Amino acid sequence: MRNKQQRGHVIAFILVGILIFNLFPLNLYAEGENTYDIVIKGGTIYNPSTEHELKGYNLGIIGDKIARITMENISGKEEIDASGLVVSPGFIDLISYDPNHVGIRLKVLDGVTSNLAMHGGTDDAENWYRIWSKNKVITNFGASSFVTRHRWPIIGQNVDATIENEEDINKIVEDVRKNIEAGALGISFSLEYVPGVKNEIIPLLNLAKELNAPTFFHLRYSDEKNGLKGIEEVVNYGKKTGAPIHIMHINSTGGTFHMDKALEMVNDAKNEGLDITACVYPYDFWATYIDSARFRPGWQDRFKISYENLQIGGTDIRITEDTFDKYRSQHLLVAAHGSLPEDELIMSLKDPEIMIGSDTIIEPSGNNHPRGSGTYSRLFGRYVREKQVLSMMDAIKKTSYLPAKRMEDIAPSMKNKGRIEVGSDADITIFNPDTIIDKSTVKESDMPSEGVEYVIVNGVVVKNSDGIVEGVYPGRPIKSYFAGGTPENKPIDFSLNINDKAGDLKNVYKINDETYISIKELSTALDLNIKDDKDGNINLNDSLNIKIGNRKAVLKNKDINLKTEPIIYKGNVYINSSDLDTILNDKYNIDISNNTVSLKYKEEESSEKPSTSDNNKKTYLGISAFSILLIAFVLTLDKNKK
């Protein structure tokens, strides 16, 4: 009798468990412990590709990719508390130099995850990439094909010498072609420093057009009198050849003293169809080598400065008329105080298409401009927080997304950088918006920035709250498409038939064996009004509210559950095709099969079709009632046996 009683109690206990399970169903999508390698919790995520600002979201990283952006609580092997911090795509420094062991650490402390030597570069890309890969680099790295170096074997280092022989010009073109095929990321010209570069420009830009490779220009003129001529020169090159053009540091080369007109010229060319972009660094003085062509006689009048404005980088030494020739023979870099009007810098920062490039990496000697270690923190500290010149989102665009877009035609890997999207590279910079600021000066150009809390490169933390993480080198070479592409998820063929009228959706992707459709494209096809508040909430026809990273939604004031979370992917917000039946079933009869969604208007709406959540509730209540009856039956049976 005792054993029978115990069996009855056990059965009753099991049935009570079933009851509880049905009354409080488990999350079918709950993540197991340590599902992710890294989880960033509670920060404000800024994704510049869609302009979403997601507060309090969690971000999950698996391997070197962003795997999830969600409102749900997730866990990982390593967790970062980003409460109160900005979670941004890693900064991409377009206008840098070779990633030496001193400068690259300062770049990381300034939030940089990709360091591209597009000002300068190499004439031997194969060897350049081999050396830096062997040396190991904390950040991603890449370089352009540098025309100045390609000239040396033909004409020597005479900066004024022109190449007249057509055979020599053809040789340079072929050498540059081979260099880009070996991985170089474009073609770099330094016209002011090498005035003899003339006859090879058009042939090289024809090559750039053929290869769809960007060309980077330090313009021929930087002074008030001729600066706009430098912009006009490269605009005309672009119009003649159709090559992509990038003007480096337009605030110090071409735009100085007439920035309004310079920006107008660039934007007019863009509106006429020219692929042209430009960048600036956020300082009101430039720096260069005192023995360069920039300091040829008349420099005081050209740049509206004098000897006392010049300071040797890494020291407190000011140049005088008596010491000018002495230091000119020593190949030293000098900063030119007062050389750039800050109001013109602010004007350029307000232009939505102008991006950021530092134009320097700090050398071990420290003889540099402080922009090599402070560019990005200065932008966010001085011009976003203090002066409120531009918004946080605009600044993040200029430091990540726009540089990535500039480079992605030549370098496929850049399509996965500069964004915080599902499937993008886990290159992430986390900083404190209240404290981020540059600390470097001309005298102490190697002073690290403050306020950058974490830097992640390819899914590896390289900077944490304690500083640089020693012994990790996750940086990868960024090369042209000739030297190896990056696998890309292509859209699938997908049809949307509405009342037997067939049409195709262009932005449909397979992700983890699920089919995802662009909400924006879907709303256009169905003529639905869409309102995206950019905070994660998206409303369709004022009747459906969904949230990025949340399976819970609201349809006509009723709670519903989606199969999967809406995601940010390839510059849009996507929804699982399986959820169309849930969100559209009040208006359409829906059939989903074989990459086709067929919708037919319901003829009669005599009663509102229960939502998924209503069906779930009825199912749970039905099972629960049955469980109660079973419990009562077992207890009665047990009592009778006693």
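## Terms and basis

Buried means under 20% relative accessible area, exposed means over 50%, and partly exposed lies in between (1.4 Å probe, protein chains only). This is a predicted model: local features need pLDDT of at least 70, side-chain atom pairs count only at pLDDT 80 or more, and totals for chains, interfaces and linings use all residues. Residues are numbered from 1 along each chain as its sequence is written, and side-chain values use heavy atoms, with hydrogens and water left out.

## Salt bridges

The structure holds 38 salt bridges. Each pairs a side-chain nitrogen of Lys or Arg with a carboxyl oxygen of Asp or Glu within 4 Å.

Arg385 bridges to Glu386, with the closest N and O atoms 3.9 Å apart. Glu386 is partly exposed at 47%. Arg385 is partly exposed too, at 25%. Lys531 and Asp533 also form a salt bridge (3.9 Å, N to O). Lys531 has a relative accessible area of 49%; Asp533 has 37%.

## The Asp425–Lys65 link

Asp425 forms a salt bridge with Lys65, the closest N and O atoms being 2.5 Å apart. This pair links distant parts of the chain, 360 residues apart. Asp425 sits in the loop between helix 13 (392–407) and strand 17 (428–431), and Lys65 in strand 3 (residues 65–70). Helices (H or I, at least four residues) and strands (E, at least two) are DSSP runs, numbered from the N terminus.

Asp425 is buried at 7%. Lys65 is partly exposed at 27%.

## Ser523

Ser523 lies in helix 14 (residues 519–525). Ser523 is buried, at 3% relative accessible area. Beyond residues up to four places away in sequence, Ser523 touches Leu528, Ile530 and Leu540 (contact: heavy atoms within 4.5 Å).
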